[in-house]
Amino acid sequence: MARQQRNFWVRALDRVRNWRGDDDINVRPVSVDRELRDSDLPLIRRQIDACLADRGGAVSARLRAAELGRAYLGLNGKGRARFFALLAREYDIDPDEVDKASAALRAAEGEAERRTARRRLRRSLVPPRVHLLTQFNSLDRGVKFLVDMRADLLRAAREQPELRDLDGDLQELLRGWFDVGFLEMAQITFNSPASLLEKLIDYEAVHEIRSWKDLKNRLDSDRRCFSFMHPNMPGEPLIFVEVALVNGMTDNVHALLDEAAPEVDPHAADTAIFYSISNCQAGLAGVGFGDFLIKRVVDRLSQRFPNLKSFATLSPIPGFRRWLDGALDGEEPLLAEAEDRLIRATARKESGHQGLKAILDDPGWADDGDLVEAVREPLIRLGARYLAREKDPRGRPLDPVARFHLNNGARVERINWMGDRSESGLRQSAGMMVNYLYKLDEIEKNHEAFRGEGKVVASPQISRLCKGL
């Protein structure tokens, strides 16, 4: 991917050089060590300063930015982290200029003078690095370059907290450029370009696409896949959702992904199941548009298939085992009950009783009917409690998938025991899955209750499971 980006950047440089006009485009290539050593920093500073000076007109500015971008792509992880540190440290706002602009505004007399002073203050509050990042946007593949740059920045910021303000600047730029009004919703079919289908396979983050036959099954006549695309990132999905058109609310992902299962007539289906939602661009973390995609898909499917009465997800519970492992260290009556059941279930087994955590850590437990039945009831109840009751320090549901769907206006509908027996399903959620139900006439009310009061809307079944916990 990095080599592909560099090749695009070289072609972008060639196109800029071939433009004709009155601009001086005699700009030297930037060549630095991959680790961006101390001796390279003056050259990078000069190139950044040249980009910010805006000398020679628009073509020269773009060429200088493209040369800097190509130099960045030649850096390794350590070099890119040093590049970010340079931007964060030396190209932030100038506090003295902010103070002077503030003083000028306080001293201004008359509306014209105040307008001028306000403009000066606004300019002083924009770091020079923001102007630099904006220059990349005007280049071919520049938007994708910035999205990938932010993915690098997020990785570097884990080790360097001083980069967080720089990340905030870049995130704010991307949030404006990726406003949902600029995005196009596209349906992906098996006849879509092969390059796009390959990206679908690569980006699938919930249920691995194992083969082209598996992919074809997910794009069959009773399936739909929709993606958001950006006009300046052609062929690059931002996020996609996979939907199954079925009868009744599905409780098992393996049935949905079964390539041998008979097709359903989509016009006779009464339920749309959203069973996989994958974000494709790590650099767009925090730039949310998944909720808009689901709502647009619901609108599209409602118009196309009027027989659909229910819209629900079949979702993983990715944080459940992590929370459960923490609960095992405390005094939880349901866990004590599960341990008692396991003692009885393993009394006659040669392996003896190993304890709940040890058993759940072994993927083979799901093939032992006695063990599965022994822990079924307590784990289902704990799963319901985890989704409906457990909160993080900010008062939000612990589970990230729950936060996403509840914020969209869904409700927690049903826990599905052994809904995902895959290795990842067992490791993350003891094999359980959950249906979140989108009731069209309750979405806005549920959304407002969640956003305003932090209320987790749950079905009567989930409420009964949580009773007394």
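Predicted model: local features only at pLDDT ≥ 70, side-chain atom pairs only at ≥ 80, totals over all residues.
**A walk through the sheet and its surroundings**

Strands E3 and E4 (residues 271-279) run antiparallel to each other and are joined by eight bridges. Within the pair, Phe 240 has Ser 278 in E4 as its bridge partner. On another side of the story stands strand E2 (residues 223-229). Seven bridges join E2 to E3, and these two strands are also antiparallel. Here Arg 224 stands opposite Val 243 in E3.

How many residues of strand E3 (residues 237-246) are buried? Ten of the ten are, so the strand is largely enclosed by the rest of the structure. A residue counts as buried when its relative accessible area is under 20%.

Now follow E4 to strand E5 (residues 310-313). These two pair in the parallel sense, over four bridges. Ala 272 stands opposite Phe 311 in E5.

Next, take the sheet as a whole. Seven strands form an open sheet, in the order E1-E2-E3-E4-E5-E7-E6. The pairing is mixed. Which strands stand at the edges? They are E1 (184-187) and E6 (411-416). Each has a single partner strand, so one side of each is left without a neighbour in the sheet. From one strand to the next, the twist averages 30°. In a regular strand, the side chains alternate between the two faces of the sheet.

A helix packs on this sheet. Helix H17 touches E6 and strand E7 (433-438), and its direction makes about 160° with that of E6.

Stay with E7 for a moment, and find Asn 435 in that strand. Is Asn 435 buried or exposed? Asn 435 is buried, with a relative accessible area of 0%. Its side chain has a polar atom 3.1 Å from the backbone oxygen of Thr 250. Leaving out residues up to four places away in sequence, Asn 435 touches several residues, including Met 249, Thr 313, Leu 314, Arg 411 and Glu 413.

Turn next to the nonpolar residues. The largest nonpolar core has 110 residues. Among those with the most contacts inside this core are Phe 83, Phe 136, Phe 178 and Trp 365. Helix H17 (residues 369-388) gives the largest share of the core, eleven residues. Another core, of twelve residues, lies apart from it; Leu 215, Cys 225, Met 229 and Cys 280 are among its members.

Setting aside neighbours within four places in sequence, Phe 178 is in contact with residues including Val 143, Val 147, His 230, Leu 238 and Phe 289.

The helices deserve a look too. Helix H5 (residues 95-107) has 13 residues. At 1.5 Å a residue, H5 should span 18 Å. The C-alpha atoms at its ends are 18 Å apart, which agrees. An α-helix has 3.6 residues a turn, so residues three or four places apart point the same way.

The protein chain has 21 helices and seven strands. Its C-alpha trace spans about 85 × 50 × 50 Å along the principal axes. Of the 469 residues, 49% are buried. Take the contacts between residues at least 6 apart in sequence: 73% of them join residues at least 24 apart.

Key:
Residues numbered from 1 in each chain as written. Heavy atoms only, no water. Expected span 1.5 Å × (residues − 1). Core = buried A, V, L, I, M, F, W, Y, C linked by side-chain atoms within 4.5 Å. Buried < 20%, exposed > 50% of the residue type's maximum accessible area, 1.4 Å probe, protein only. Contact = heavy atoms within 4.5 Å. Pairing = 2+ DSSP bridges. Axes fitted to C-alpha atoms, helices over the stretch in contact; angles between N-to-C directions. Polar contact = N/O pair within 3.5 Å; in protein donor to acceptor, adjacent residues only side chain to side chain.
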